[in-house]
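Student: I'd like to learn how to read a sheet and a surface patch in a model like this. Could you walk me through it?

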Amino acid sequence: MNVAVVGLSHKTAPVEIREKLSIQEAKIEEAIAHLRGYPHIEEVAIISTCNRLEIYAVVTETEKGVTEITQFLSETAHIPLQQLRRYLFTLLHQDSVRHLMRVAGGLESLVLGEGQILAQVRNTHKLGQKYKGINRLLDRLFKQAITAGRRVRTETSIGTGAVSISSAAVELVHSKVDLTTQKIAIIGAGKMSCLLVKHLLAKGATDITIVNRSHRRSEELAAQFPQATLNLQALTEMLPIVGQSDIVFTSTGATEPILNRANLTSCIPENHSVMLVDISVPRNVDSDVHGMTGVIAYNVDDLKAVVAQNHASRRKMAQEAEILLEEEVEAFELWWRSLDTVPTISCLRSKVEDIREQELEKALSRLGTEFAEKHQEVIEALTRGIVNKILHEPMVQLRAQQDIEARKHCLQSLQMLFDLDVSEQYS
């Protein structure tokens, strides 16, 4: 079996393609069940964020498994495979392991070192467990990646002051206008919106309105900023609020655009202009707004110029992180290589344990019924200890053997010397 990852990201595909492949959390269970239904996919986990969709899978036959995943993506996006293939990347075995470590460490993010992706990797692992997508291999891989991500953030400086998508959006706007004088609206009240408020306040913004369907969520967001006076409005007031605002950020989970040329034309007064900054994928602002009088629109792909400055200053820190990630890749590889030793080790241990029990039973029968029970326990512990000590060192050396051919030869020798029928036990 092999681990493969097939997907696309901000590096390989524009936002109009990424949004077609975005899988909302409510659809993850269905997607996992669909993928697990293919004949060559054993395990599956899905990372879906505004900047990437990546499907990690344990496949029984690499080429056929990858084909099944790409077919699934084509059907999900309603894009012909021939057209979609140019945006996809495929990584196998160690490359896929290393890629997930880099993703968790923030080295593959649009904003180098951003912290949200680690929580998203952790959530992918949780959903994979919940919906029976992952088993032993992916469970271990994602746990190792989460460990890698934590190490990068605690043992290097890459996360110190790292900007997020939200702060990059605020930086973009701040480079064009004085935020202290602007009337600002944020549509949505999730984590990204919370970060928007944080960075807007740091830039001196004072007039901020939160528009959201759930008033409770808006109140929870506002409670995190007791020093600020945030105006909370229902989603039904969205268009009048947009028409009164100078800057509108959108960050909702909507799967279709909530602002478009038609509804903006009806709500934006003459001689008034509004800047729209959409940091959602799928997009909240329809592409048909471009060219409208009085509307300036940006999406996540327009943040790359702001982010480029971040990359330049963090390149050295990323090199430090790379060293840590290689250690985690090696740790996973060592564990993975040891898996083919498990049947032989288990079979050997089982055979030795059978011999121990038989010989112990003979010895106890010769000692007679008057032999005290506590003495029997001592002899039982003694024989177990001898077996464990004899087997311990050979088993450690066998698991640690990195040369594939040498390890294979050792396994064959053990099976021959001890007459082990591994195929029968694990058939």
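Predicted model: local features only at pLDDT ≥ 70, side-chain atom pairs only at ≥ 80, totals over all residues.

Student: In what order do the strands of the open sheet lie?

Tutor: Start with strand pairing, and follow it across. Here six strands form an open sheet in the order β7-β6-β5-β8-β9-β10, with parallel pairing. At the edges sit β7 (230–234) and β10 (295–298), each of which pairs on one side only. From one strand to the next, the twist averages 20°.

Student: How many bridges join β8 to β9?

Tutor: There are four, between residues 247–250 of β8 and residues 274–278 of β9, and these two strands run parallel. To find your place along β9, look for D278, which stands opposite T250.

Student: Which strands does helix α8 lie across?

Tutor: For a helix on a sheet, check its contacts, then its direction. Helix α8 (residues 165–174) lies across β8, β9 and β10, and runs at about 160° to β8. Helix α9 (residues 191–202) also packs on the sheet, where it touches β5 (183–187), β6 (207–212), β7 and β8. The direction of α9 makes about 160° with that of β5.

Student: Now the surface: which residues make the nonpolar patch?

Tutor: L382, I386 and I390 make it, and it covers about 300 Å². Take I386, which belongs to helix α15 (residues 373–400).

Student: Why is I386 called partly exposed?

Tutor: Because its relative accessible area is 44%, which falls between the 20% limit for buried and the 50% limit for exposed.

Terms used. Residues numbered from 1 in each chain as written. Heavy atoms only, no water. Pairing = 2+ DSSP bridges. Axes fitted to C-alpha atoms, helices over the stretch in contact; angles between N-to-C directions. Contact = heavy atoms within 4.5 Å. Patch = residues over 30% accessible without salt bridge, like charges linked within 9 Å, V, L, I, M, F, W, Y side chains within 5 Å. Areas by Shrake-Rupley, 256 points an atom, 1.4 Å probe, with all protein chains shown as cover. Salt bridge = Lys/Arg side-chain N within 4 Å of Asp/Glu carboxyl O. Buried < 20%, exposed > 50% of the residue type's maximum accessible area, 1.4 Å probe, protein only.
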